[in-house]
Every structure is written in structure tokens, then in C-alpha cells.
Amino acid sequence: MSHPVQRPSSRHHVIDRLRSYPLWIQRALPVLGLVVVMWVLEIIDLFLGGRLNQFGIRPLDPGGLPGILFAPLLHSGFGHLLSNTLPFLVMGAMISWLTRKWWLITAGIWLLGGFATWLIGGMGTNHIGASVIVYGYAAFLVTYGILSRRFTAIAAAVVVVLLYGGIVWGFLPTNPRVSWQGHLAGAAAGVVVAFADTRQARRDLRDRRNDALVS
């Protein structure tokens, strides 16, 4: 009696294909995936006449709190999105390679930076764009390099300063159409997340050393 041949599902085929990629590509793929979501949403918003942008962060407005989740995915145009895309990819990939906690770190910066923007952004305004995360990534990488004292982390911090050191001008309220509050909030969130991550890493290392001494 013959038995039907079990064919691998397309889902398993995709997973196996991804696992065949080099590790550094595997870790960078989620970063690229989030950027793709931003671009898809911006294309959709083009046909909607910019109506998606109403779902940004509206400071001190309880109805604007959900914007914390949506604002980093929305942009005021393709020029705005393009200016965030490359630094998001570069620094997001760095974090993924250095920490293996890209999702957790991004979520921390996303939520903390978004909530801080909601607090200090100024009533009657609407804040959108991934720059809150870009600034958070930059602050995280520099702070992480200082605190961890690992060669690779320090090298990454130096690269960030050399490539994107000019973003510090984004903290200044020179352009009413630019969310300097979002930049400041994102950077502060990046510093907080870096302190939390390195503290946990040192605690784990200390526990492993103590276990080794006991054994």
C-alpha cells in the first residue's frame, strides 16, 4: 500500500531558506523588514492623500497616545522617509549584530521615546517619523560602547559619531517643521535602554562567574 509523499510546506521552505543565509544577514533581516513596512505605508498614504499622518503622536492629548505605536512608521513624504531609511538600516543592523536583542532594544526606544515625545512635544502638534528611533539608536550605540567597554561596541560607537555626529543639530528648535522634541526624547530613551541592557549583561556575567566558581 502506497503512502502519500509529504511535501514540505512553503512556510518551512522559506524558514529553511532564511537559515541558509550567513548569520549577519539573518540578524539584519528584521531591520530591513521594518523599513519595508514604512515604505509600504508611505506608498499607501500617497494614494490616501496623507491621511495616515493623522495617527501620529499628539502631545498631552489622551487620544494621541495610540500614536506612540504608529508614529515611527509614518512620514510626511518620501524625502522624509528617505532621510531616515539609511541611518535606521545602518544603526539598526549594528545593534542587531552587537547585542542580538534588536527587537527588545527597538521596542524600548520606540515606547519610551514615543511617550516622552507625548509629554514634551507641545500641545497642538502632531509628531511622525522614524527619527525618534534613529536618534535612539545613535544614543544607544554610543552609550553602549562606553559602558560595555567591548572593542566591537567601542568601534561601532566611533563609526556612529563619524557618520552621524551631525545629527546633534537636530536637538535645536531651528525648524518649526522638525520635531526636535522627538529627537531629544528618542536620544534619552536610547541612553536609558543602553544603561538597562549593560546592567543586565553585567549581572548575567557575574552570575555565570559565580556558578563557575561554585562548580
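1. Let's start with a term: a residue is called buried when its relative accessible area is under 20%, exposed when that area is over 50%, and partly exposed in between, using a 1.4 Å probe and protein chains only. By that rule, 39% of the 215 residues of the protein chain count as buried. The model is a predicted one, in which local features need pLDDT of at least 70 and side-chain atom pairs count only at pLDDT 80 or more, while totals for chains, interfaces and linings use all residues. Residues are numbered from 1 along each chain as its sequence is written, and side-chain values use heavy atoms, with hydrogens and water left out.

2. Now the overall fold. The protein chain has eight helices and zero strands, so its elements read α-α-α-α-α-α-α-α from the N terminus, where helices (H or I, at least four residues) and strands (E, at least two) are DSSP runs numbered from that end. Contact means heavy atoms within 4.5 Å. Among contacts in the protein chain with a separation of 6 or more, 76% are between residues 24 or more positions apart.

3. Next, the open space. On a 1 Å grid over the protein atoms alone, a pocket is an open set of points with protein on both sides within 12 Å along at least five of seven lines, a cavity is a set where a 1.4 Å probe fits but cannot get out, and lining residues have an atom within 4 Å of a point. Grid points are joined across faces, edges and corners, and a volume is the space filled by probe spheres set on the points. The largest pocket has a volume of about 580 Å³. Its lining has 24 residues, with H80, R177, V178, S179 and H183 nearest the centre.

4. Which helices each supply at least two residues of the lining of the largest pocket? They are α4 (78–99), α6 (131–148) and α8 (180–214). Helix α4 gives the most, with four residues. By class, this lining has ten nonpolar, 13 polar and one charged residues. Here Ala, Val, Leu, Ile, Met, Phe, Trp, Tyr, Cys and Pro count as nonpolar, Asp, Glu, Lys and Arg as charged, and the others, Gly among them, as polar.

5. The structure holds one cavity of 30 Å³ or more, and the largest cavity has a volume of about 80 Å³. Among the residues lining the largest cavity are I57, A71, T117, H127, S179 and H183. Helices α6 and α8 each supply at least two residues of that lining. The cavity lining divides into four nonpolar, seven polar and no charged residues.

6. H75 sits in the loop between α3 (67–70) and α4, and is buried, with a relative accessible area of 0%. Not counting residues up to four places away in sequence, H75 touches M38, E42, D45, N53, H80, L81, N84, I128, G129 and A130. H75 and G56 are 19 residues apart in sequence and 9.3 Å apart in space, C-alpha to C-alpha.

7. Is Q181 buried or exposed? Q181, found in helix α8, is buried at 12% relative accessible area. Leaving aside neighbours within four places in sequence, Q181 is in contact with T117, I120, G121 and H127.

8. On to the aromatic rings. Rings of Phe, Tyr and Trp (its six-membered ring) pair if their centres lie within 6.5 Å; planes under 30 degrees apart count as stacked, over 60 as edge-to-face and the rest as tilted. The whole structure has six aromatic pairs. One of them is F115 with W118, stacked at 5.8 Å centre to centre with 15° between the planes. Both residues lie in helix α5 (residues 102–120), three residues apart, about one turn of the helix. F115 is partly exposed, at 40% relative accessible area, whereas W118 is buried, at 12%.

9. Last, two backbone details worth a look. R100 is found in the loop between α4 and α5, and its phi is near 60°, a positive value in a residue other than glycine. R149 lies in the loop between α6 and α7 (151–164), and phi of R149 is likewise near 60°. R100 counts as exposed at 66% relative accessibility, and R149 counts as exposed at 61%.
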